[in-house]
Amino acid sequence: MLDDEHWMREALELAKRAEQAGEVPVGSLIVSNNKLVGTGWNQPIAQHDPSAHAEIQAIRNACQQQKNYRLTNATLYATLEPCAMCAGAIVHARIDRVVFAAHDPRTGAAESVFQLLDNPALNHRCEIVSGVCAEESTAMLKAFFRARR
């Protein structure tokens, strides 16, 4: 059994790396067989790449480490609800489970705005767990945006 809070706290540490670089503080990691196989944090500004979200970075990292474009039997942890782009990548990677901290009422594609991860029209559906360490993630995001105003 996975310890969701433990892994989410690790993802929050990755979010701090994004924040230190001036990026929106979002972190993500992928666990398979209770082993960390991929990490990522937001880097669209540094990478000059709008697709360099934390989840995409973690998926790319995990796929390279696993030498497979499919990440079956894996759980993705993200400090913010995945957007539609990230949800699409999660589905294509066949990730079984997604655990996220804070809901994203503007672009969330797991529960808030769209429900892509468990959409019956798609050929793959993920188990979704939300709200793990949500207060910490929300506080970090609010502080980041407050400081930028």
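Student: What pattern does the protein chain follow, read along the sequence?
Tutor: In this predicted model, the protein chain runs α-β-β-α-α-β-α-β-β-α along the sequence, which amounts to 5 helices and 5 strands. The radius of gyration is 14 Å, close to the 15 Å that the globule rule gives for 149 residues, so the chain is as compact as a globular protein of that length.

Student: And what does the C-alpha trace span along its principal axes?
Tutor: The C-alpha trace spans about 40 × 30 × 30 Å along those axes, and 48% of the 149 residues count as buried. Among the contacts with a separation of 6 or more, 56% are between residues 24 or more positions apart.

Student: Okay, helix H4 next. Which residues are buried there?
Tutor: Helix H4 covers residues 84-93, and its buried residues are Cys86, Ala87, Ile90, Val91 and Ala93. They cover an arc of only 165° around the axis, which puts them on the same side of H4.

Student: Strand E3, then. Is Thr75 buried or exposed?
Tutor: Thr75, which lies in strand E3, has a relative accessibility of 5% and therefore counts as buried. Leaving aside neighbours within four places in sequence, Thr75 is in contact with several residues, including Leu2, Ile30, Ile95 and Arg97.

Student: How many salt bridges does the structure hold?
Tutor: The structure holds 6 salt bridges. In one of them the side chains of Arg97 and Asp4 meet, at 2.7 Å from N to O. Arg97 lies in strand E4 and Asp4 in helix H1, so this pair ties together parts that are 93 residues apart in sequence.

Student: Are Arg97 and Asp4 buried or exposed?
Tutor: Arg97 and Asp4 are both buried.

Student: Which residue forms a salt bridge with Arg9?
Tutor: That partner is Glu136, and the closest N and O atoms of the two are 2.9 Å apart. Glu136 lies in helix H5 (residues 134-148) and Arg9 in helix H1, so the pair ties together parts that are 127 residues apart in sequence. Glu136 counts as partly exposed, at 32% relative accessibility, and Arg9 is partly exposed too, with a relative accessible area of 36%.

Student: What about Glu23, where is it found?
Tutor: Glu23 is found in the loop between helix H1 (4-20) and strand E1 (27-32). Glu23 is buried yet has no salt bridge, and the nearest side chain of opposite charge, that of Arg148, is 7.7 Å away.

Student: Which backbone nitrogen lies 3.2 Å from a polar atom of the Glu23 side chain?
Tutor: It is the backbone nitrogen of Ile45. Ile45 is also among the residues in contact with Glu23 once neighbours within four places in sequence are left aside, a list that includes Asn42, Pro44 and Phe144.

Student: Last one: where does His53 lie?
Tutor: His53 lies in the loop between helix H2 (44-47) and H3, and at 23% relative accessibility it counts as partly exposed. Leaving aside its neighbours within four places in sequence, His53 is in contact with Trp41, Asn42, Cys83, Met85 and Cys86, and of these Cys86 is one of the buried residues of H4. The C-alpha atoms of His53 and Gly40 are separated by 7.9 Å, with the two residues 13 apart along the chain.

Terms used. Residues are numbered from 1 along each chain as its sequence is written. This is a predicted model: local features need pLDDT of at least 70, side-chain atom pairs count only at pLDDT 80 or more; totals for chains, interfaces and linings use all residues. Side-chain values use heavy atoms; hydrogens and water are left out. Buried means under 20% relative accessible area, exposed over 50%, partly exposed in between (1.4 Å probe, protein chains only). Helices (H or I, at least four residues) and strands (E, at least two) are DSSP runs, numbered from the N terminus. The arc is that of the directions from the helix axis to the C-beta atoms. Lys and Arg count as positive and Asp and Glu as negative; His and the chain ends are not counted. A salt bridge is a side-chain nitrogen of Lys or Arg within 4 Å of a carboxyl oxygen of Asp or Glu. A polar contact is a pair of N or O atoms within 3.5 Å; within protein, one must be able to donate a hydrogen and the other to accept it, and residues adjacent in sequence count only if both atoms are side-chain atoms. Contact means heavy atoms within 4.5 Å. The radius of gyration is taken over C-alpha atoms; the globule rule is 2.2 Å times the number of residues to the power 0.38.
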